[in-house]
Every structure is written in C-alpha cells, then in structure tokens.
Amino acid sequence: MAHRMLKFLSVLKYTPECSVQEFQAGVITGEKSVVYQTLAWVLQSVETLKTRAYLGRYLVKVEVPDEILQDDEVEKINQEYLELLEEFKTVHKATDKLKSNQYTAADIKKDIQQMEQENEQLTKTIERKKARVESMSNINELLAAARSLRREQERQANILEQRHSQKTAVQVAENKYQRLMMQLKELRAASQNMSVDKLMLKLEEEYKSTQYLVEEKLPKELAAKKKSCNNIQKVLLEPAMTEDDVEELLEKAQDLQTELNELHQQRMSRTDNADEKLVMFRKQAMMIARKKEALAEELKECTNEWTEAENELSKKKEEMRSTGAEQVLTGPEFKKYIAMIRNKGNVYKTKRSEMADLRAEVGVLARTADILQNQYNEVKTNHLSNGKRTRHSWIHRHSRQVGDDICC
C-alpha cells in the first residue's frame, strides 16, 4: 500500500518539504505530519491533480530492460507503444482545445438551424427567379450574355490583379535602380580619390566580412534558431505544465548550472598547471573571437539601418514625384544648396538686427517728438497769457495819461 502511494505521489510530482528518505519512512509508518502535509498539498489543487493523475495513467512509460528489447518483436511492440503515447498526447491536446472552446452543443445546433433556414430561403428565391425567367422568350440568349459578362468580369479582375503586381514589380525595380545608381555615384566619387591598391584593399575587406557572415556567423545563428524551434516543438508536444512543474525545472536548471560552474572551476584549475603561454594565447583568441562577433553584429545592425534608410528614402522620393515636387538634391548640388541657405540665413540675421535698431531709434524719436510737442504747447500757453497781461497794462497806462492831460 505504501509503495503504491509513493508511486502515485511521484506521478503527481509531489515534492516533500523534508528529505526523500524521511518522507518515505513517514509514509510507511503513517506519520501524521507527513500525511497531513501531503493531504494539504493535494487539496490545494484538486482539479490540476485530477488531470495529472488521468494523464499519468497513460503517459507513464513502461520501462523495459535493454536485454529484453533485443528481441525484434518486443522492440516492435515497444515502438508501437511509444507511437500510441504520442498519438494520445496529440488527441488529448485537441480535446482540451475543443473543451476550452466557447461554443456549446446548443450553439452549434442553433447555427445549424439558422443555416438550414437560410438554405431554404435561398432555394425559394432561386425557384422564384427561375419561374420568372422561364417565361421569357430569349432566355438562352440572356444566359449566354450573363455567362459572357461573368467571364469578362473575371478576366477584368485578373487583368487588374496582374496590373497591380506589375506596378509593384516596376516600383521594386525602380527602387533597385535608384539604389544601384546611388551606389555607382558613391563608388565613382570614392574612386576619384582612391588608388587601385586602396580599392582592392577595400574590396578584400568587404569580401572577408561577407565571408565571415556567410560561413561562420549565419550558420551558427541558423543552428541556434533550429535548436530553439526543436525545443519549442518538444515543449508543445508535452502536456500542460503547472507552477510546481516549472519550479521543479528551475531547480534542475539551478543544479545543472552549479554543476557546470564546478566543472568550469576544475577545468581552470587544470589549465593553471599547463603552459602559461598556451593559456594566454587561448584567452587572446577568445577575446578576438568575441570582438569579431561583436563587430559582425554591429555590421549587421548598420546594414539593416542602411537598408531601412534606403527604403524610406525611396518612399519619400516616390511621394515627391507623386506631388510634382522637384528632384532631391544630392552630392555637390546639395552642398551648394546648404551654403546658399546659410548665406541667406546670415543676411536675414543681419537685416533683422538692423530692423531692430531702426525700430528702437523710431521709438526714441517718437518719444522725443512727444516731449517737444508738450513743451511747445506749454510755451504757447505761457506766451498767450503774457501777451494778454501786457496789453491790459498798456491800456491802463494810456487811459491814465489821457485823463491827466484833460485835467491839466
């Protein structure tokens, strides 16, 4: 009984808190702490454990000794057994997908009934159309014309599709032509200031970098991608994993990492006793290889960025052509255009500063004019008041003098 319980718990992937020996002894003796902990773990995830127990009944492989597998008939039966296990996994996954599907039997029946009603309606509509058309005298001619129209419409659709594909091909060819022309201009401009030896050296460098990418880097990346795809396919073929399974795998990975570190330390201790020059050369080779890979990755990124920039430039040129704009300036023309823009910018800044000075001077002059006008108004007012006083005093003196003359 205890043996069956231990085997069943191993199928459920139960991980005891204590050691394996203590847990086995506790199950055999029926110790309460061990039994209660096991029951608590089972009751926390009953549904998941039900699925795991169901799958474990069929997916736990029967271990056959190697000496028995030497028999051809036993090996054939064992191979069929493994194939049936894989088929069971596939069928179980398909069943889970169907169960998780939101459509129920009632929904499917409802959809079937709706489609049957639509089929009946279409049948009645077709019968009415037939009854209406059969009374016509030129029915055969109309049918022939309808067939011809349909064929012509299909032909028109095919022609439009071909036209669209040819336009796309022409656009791709034009983009390629523009890119090659730019490369040709760049090569011509570079060849003017470059000798044959420098050009050959540059071509050799490009060839070596391309050869490294094709023969070393890309095959490694391809192998890594294939390995990753195989691992993903293996994971997809396996049954659904729970959090406990993930924790168990993480623990195994940590143990393997620890073992790997120990092996690395042992290797380093062994190499310490070897020739120091050989170790130094190995380190230098590893450093060079890493730098080479880093530079290759950087070259790949730069190439991708350059390709994206070229595509974007081609799109912008196409947009400018569609809007009727002028051709984009390149090379010396663009430099002349930039110099002209800079000169105009400098002239604009000079004129703007002169305008600011003139505006300031105008403000000062306007203020001066206001002050002078106010002073003029004050002087004018004072002059008028002083003139009136002088006139009154002269009249008074003149009248007094006339009075004195009369008295005398």
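Which pattern does the protein follow when read along the sequence? In this predicted model, the pattern is α-α-α-α-α-α-α-α-α-α-α-α.

## Overall make-up

The protein has twelve helices and zero strands. Of its 408 residues, 7% are buried.

Taking contacts between residues at least 6 apart in sequence, 64% join residues at least 24 apart.

## Helix 3 and helix 4

Two packed helices are described by the angle between their axes and the distance between the axes. Helix 3 covers residues 32–44 and helix 4 covers residues 46–59. They pack at an angle of about 95°, and their axes lie 5 Å apart. Angles of 65 to 115 degrees count as roughly perpendicular, so helix 3 and helix 4 are roughly perpendicular to each other.

On the helix 3 side, the contact is made by Trp41, Val42, Leu43 and Gln44. Helix 4 contributes Val46, Leu49 and Arg52. By class, this contact of helix 3 with helix 4 has five nonpolar residues, one polar and one charged.

## His92

His92 is located in helix 6, which spans residues 72–100. Is this residue buried or exposed? The relative accessible area of His92 is 14%; buried means under 20%, so His92 is buried.

Apart from neighbours within four places in sequence, His92 is in contact with Tyr54 and Leu55.

Methods:
Residues are numbered from 1 along each chain as its sequence is written. This is a predicted model: local features need pLDDT of at least 70, side-chain atom pairs count only at pLDDT 80 or more; totals for chains, interfaces and linings use all residues. Side-chain values use heavy atoms; hydrogens and water are left out. Axes are lines fitted to C-alpha atoms, for helices over the stretch in contact, and angles run from 0 to 180 degrees between N-to-C directions. Helices (H or I, at least four residues) and strands (E, at least two) are DSSP runs, numbered from the N terminus. Angles under 35 degrees count as roughly parallel, over 145 as roughly antiparallel, 65 to 115 as roughly perpendicular and the rest as oblique. Contact means heavy atoms within 4.5 Å. Ala, Val, Leu, Ile, Met, Phe, Trp, Tyr, Cys and Pro count as nonpolar, Asp, Glu, Lys and Arg as charged, and the others, Gly among them, as polar. Buried means under 20% relative accessible area, exposed over 50%, partly exposed in between (1.4 Å probe, protein chains only).
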